[in-house]
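Morning, everyone. I have one chain to walk through today. Let me put it on the screen.

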Amino acid sequence: MQRDLGSFPFPPHVKKKLSSAGFTSADDLVDVKPSELCKELSISTEEALEVLSAVKKQTASGPSQRAFSKSSVSALELLKRENASPGIITFCEEIDDMLGGGVPLAKITELCGSPGVGKTQMCIQLAVDVQIPASFGGLDGEAVFVDAEGSFIPQRAADIAQVVHTHCHNVAEMQNDKEQLSSSEAFTVEKILGGIHYFRCHSYTELLALVNLFPQFLKDHKKVKLVIIDSIAFHFRHDFDDMMLRTRLLNGLAQSLIKMAVNHHLAVVLTNQMTTKFTTGPGGSSHLAPALGESWGHAATIRVILHWTNNQRFALLYKSPSRKEMTVPYQVTAAGIRSAMDTSTGRHPHFEAEVSNPRKRRKQDGQENAR
């Protein structure tokens, strides 16, 4: 029973309070008592009973056996779907190869890194690249860009769009392919910018409400193949004192995002900040780790850590269900994300994992900076 609470005929103010408190699906209310819901949402007893009664009726009806069997799918079918779906390229060959052909659909990919390493630049690049026409091997899709920090720059998106448009046009002319030539003419900068649906979120409540409205938005905009949230950590790090509430809200948000990615067969890309993690005991030290704690680390299917080493940007594939851990270089140029050139050899270097992965070290007793 995963019915979205937004689909119930509740009053708007009740829906908003449910969303703000982290209740996103009918499952979240199964074991909640009326008195608890009254206190949690600051609503009347009658309203709480109405909400729980509607949820209980939906629970009692339950899915039929036929519906249950229709929801199943074989592993072979899943494999065919994955192989048939091209990823969203980044224009950095090493990163695309590391991810198995670009950022995959139907999964959550998290980009973690310190300020200035290129997280937002990567997101803008992906928002443009997801729109590359199918005749060029692209998805011919659209993107949703949720800006939590105010870091999206329209002119930067226009600059990257112009470069990608020119690249596709040059390829079409070189191949002398009529279909590609026709596609490249329609693939204008204005069309690309029009295919990026921008939302600005000023608080975590706005973000939660927006995610709950996405299912209807995606029904109305079927070409969307990429949803970006930049960044997932911003409001959850600065607006919270109750860590238990934060964990519950984040878990509900993660469930909503993965459900959306699978049901609509699109890629979800999240950016995350870094925080300092301290270790205790003899020779205690500290190191940078993705924010929001260890429990959030399970939310994303793929986690990539972007970092600096000797004035060079690197991308570390920290977590993936199907690819081995590795580190590759990249650079941010005026044209967007690109491969890093080795000036001594004139080739693009490809590095194995040189940055140690804390998950594979011997576990030490430590405490994490919760903020």
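**An exposed proline, then the helices**

Start with proline 321. Proline 321 is exposed, at a relative accessible area of 59%. Exposed means over 50%, buried means under 20%, and partly exposed is in between, with a 1.4 Å probe and protein chains only. Proline 321 sits in the loop between β9 (312-319) and β10 (327-333). Helices (H or I, at least four residues) and strands (E, at least two) are DSSP runs, numbered from the N terminus.

What does proline 321 touch, not counting residues up to four places away in sequence? Thr301 and Ile302. A contact is heavy atoms within 4.5 Å. From proline 321 to threonine 301 it is 20 residues in sequence, and 7.2 Å in space, C-alpha to C-alpha.

A word on provenance. This is a predicted model, where local features need pLDDT of at least 70 and side-chain atom pairs count only at pLDDT 80 or more, while totals for chains, interfaces and linings use all residues. Residues are numbered from 1 along each chain as its sequence is written, and side-chain values use heavy atoms, with hydrogens and water left out.

Now the whole chain. There are 14 helices and twelve strands. Of the 371 residues, 46% count as buried. Take the contacts with a separation of 6 or more: 66% of them join residues 24 or more positions apart.

Next, cysteine 112. Is cysteine 112 buried or exposed? Buried, with a relative accessible area of 0%. Cysteine 112 belongs to strand β1 (residues 108-113). Leaving out residues up to four places away in sequence, cysteine 112 touches several residues, among them Lys119, Asn272, Met274 and Pro290. Its C-alpha is 8.7 Å from that of alanine 289, 177 residues away along the chain.

On to helix α11, residues 204-220. It has 17 residues and spans 24 Å from first C-alpha to last, close to the 24 Å expected at 1.5 Å a residue. The expected span is 1.5 Å times one less than the number of residues. There is a kink of about 45 degrees at phenylalanine 214, shortly before proline 215. That bend is the angle between axes fitted to the seven residues ending there and the seven starting there.

The buried residues of α11 include Tyr204, Leu210 and Phe217. The buried set packs against several elements, including α1 (12-20), β3 (196-200) and α13 (243-263).

Look at that last partner. The axes of α11 and α13 are 11 Å apart, at an angle of about 20 degrees. Axes are lines fitted to C-alpha atoms, for helices over the stretch in contact, and angles run from 0 to 180 degrees between N-to-C directions. So α11 and α13 are roughly parallel. Under 35 degrees is roughly parallel, over 145 roughly antiparallel, 65 to 115 roughly perpendicular, and the rest oblique. On the α11 side the contact includes Leu207 and Val211; on the α13 side, Leu253 and Leu257.

Also in α13 is leucine 245. Leucine 245 touches Ala21, Glu40 and Phe240, not counting residues up to four places away in sequence. Leucine 245 and glycine 22 are 223 residues apart in sequence, yet 7.9 Å apart in space, C-alpha to C-alpha.

Last pair: α7 (residues 119-129) and α8 (residues 154-175). Their axes come within 9 Å and cross at roughly 50 degrees. α7 and α8 are therefore oblique to each other. Gln121, Ile124, Gln125, Val128 and Asp129 in α7 meet Arg156, Ala157, Ile160, Ala161 and Val164 in α8.

That's the tour. Thanks.
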